[in-house]
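Me: I'd like to go through the labels on this model and see what each one rests on. Can you take my questions one at a time?

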Amino acid sequence: MNFKKIVAGFYAAYTLYVFLLIGTTTMDFLNTSLALIFMWVNYAFFLLGYNLKKRSNLSYAKSKREIWMLKTNKLVLLTIAGTSLIFSVAVVNYYTGQTPTSVIENLTNNVSLYYEYQNYFQEQQRNVFTITKIPFILMIFIVKIILLYSYIVFFIKKEKTSLFEKIYLLLITCSFIYIGVGRGTSFEFFELLILIIFILFSTKKKSGNLMNVKSLVIGLLLSSLAVYIFISGINARGVEFDPSIIRADVNYDPQGWLPTISSSLAVIVFRLYAYFGFGFFYISIYLTETWFASINNFFMGLFPWGYELILGNSVQDIMGRLVDVGVKWHPDFSVLINDLGYVGMLMICLFIGLFCGYSARFDEKTPIVELTNYVILLQMISLPVGNFLFTSSANQLIVFSLLIYWIWKIFINRRFVI
């Protein structure tokens, strides 16, 4: 399956989820549908770039050069895995004050790891940038880049992994997940899920549609498991579902068509709202009450910093007065409109579609090409709902490293390959 279909699959899932959400909450059908339309407009520009028939300046003909990770010995792989484990333990200890022993004890005693993390984080002022914080940011970056690169190499570039390689992958997966478990967060599981889905549909299939159906079934099962882990994590924080609570913007509607069919499914849909539904509500309010509110507002939204230059307020400032954002994300849709304007955001979609279209025509993709595609996928699925790509310093370092690589590759040494 090609990359454009993977993005389309996620957007189709978003569309289905939003319609379930409309049937579960007080969200307005027409306004929310408008947000969905703009999501698909972004995809249309991505698709336009993807399908542009233009000769690429980058050529990846089949090369005899073997990927370094595939030709390295077991001792090096074991050292990489050990380093990843040590870094993950150090990171959790720095941000939460916990050791592996205390993490296990808290789990068995039903102590909220998330609140332990938050309390320690605030007490030790870990939110304040200091020189001593840099090594731990780099450690998270190394743990994550090792995981991403290794998964791509052993699941996409290699047809069959050995027993030792599977053990190696298990170790680096445990180190990555441990960071999420130690902090009581679910985002690491979400990133791992996206990575696995990307790999499932990026691996070349010899059996055609049959294998695509198998990948789809596996993806659905893993997504269900991820939802279970997410809700379990929320419950572990002591957050219970109470339909009687009246919220500022969107509320649970027990008379909606979904609760009348399946109250259990409706509760799950509603509990995912803050992560995957709020962005569509936010965008619908932005479109109807800000961007389309007047001709002046419309033109301000087309260009970079339009609102800030004229009104002195960013899109985020304006929206903060219209919706109850709280601890939720401002969707990347609004962030990019503020910084680049709507025209600029569409050009970003066009440009990354152009890159993906070029890379799809390479005879052989390197792991860095696949890693770049994964980062692009994370950005595309983040666009309408949140801030998945730039939510952490580690992700920012990954994006920065990839930009440096491609600048070097394009303008300095085209033969440079990792």
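Me: Which helices do the buried residues of α16 pack against?

Reply: The buried residues of α16 pack against α13 (273-291), α15 (306-311) and α17. Contact here means heavy atoms within 4.5 Å. Before we go on: this is a predicted model, where local features need pLDDT of at least 70 and side-chain atom pairs count only at pLDDT 80 or more, while totals for chains, interfaces and linings use all residues. Residues are numbered from 1 along each chain as its sequence is written, and side-chain values use heavy atoms, with hydrogens and water left out.

Me: What makes the buried residues of α16 sit on the same side?

Reply: In helix α16 (residues 315-322), the buried residues are Val315, Ile318 and Met319. They cover an arc of only 95° around the axis, so they end up on the same side of α16. The arc is that of the directions from the helix axis to the C-beta atoms. As for the other words, buried means under 20% relative accessible area, exposed means over 50%, and partly exposed is in between (1.4 Å probe, protein chains only). Helices (H or I, at least four residues) and strands (E, at least two) are DSSP runs, numbered from the N terminus.

Me: And how do you know that the buried residues of α5 are on the same side?

Reply: Helix α5 (residues 100-108) has Ser102, Val103 and Asn106 as its buried residues. Their arc around the axis is only 105°, which puts them on the same side of α5. The face turned away from that buried side carries the exposed residues Thr101, Ile104 and Thr108. The buried residues of α5 pack against α4 (74-96), α6 (113-123) and α8 (163-183). Following α5 comes Asn110, with a positive phi near 60°.

Me: Why is the pair of Tyr151 and Phe155 called edge-to-face?

Reply: Rings of Phe, Tyr and Trp (its six-membered ring) pair if their centres lie within 6.5 Å; planes under 30 degrees apart count as stacked, over 60 as edge-to-face and the rest as tilted. A search of the whole structure turns up 47 aromatic pairs. For Tyr151 and Phe155 the centres are 5.2 Å apart and the planes are at 70°, so edge-to-face it is. Tyr151 and Phe155 are four residues apart in helix α7, so about one helical turn separates them.

Me: Are Tyr151 and Phe155 buried or partly exposed?

Reply: One of each. Tyr151 has 8% relative accessibility, so Tyr151 counts as buried. Phe155 has 34%, so Phe155 counts as partly exposed.

Me: What makes Arg126 a charge over a ring?

Reply: The test is NZ of Lys or CZ of Arg within 6 Å of the ring centre and within 35 degrees of the ring normal. Arg126 lies over the face of Tyr94, at 3.9 Å from the ring centre.

Me: Which residues touch the most other members of the largest nonpolar core?

Reply: Phe46 and Tyr168, in a core of 124 residues. Helix α7 (residues 134-157) gives the largest share of this core, 15 residues. A nonpolar core is a set of buried Ala, Val, Leu, Ile, Met, Phe, Trp, Tyr and Cys residues joined through side-chain atoms within 4.5 Å.

Reply: Trp40 has 32% relative accessibility, so Trp40 counts as partly exposed. Trp40 is found in helix α2 (residues 29-51). Not counting residues up to four places away in sequence, Trp40 touches Ala8, Tyr11, Ala12 and Thr15.
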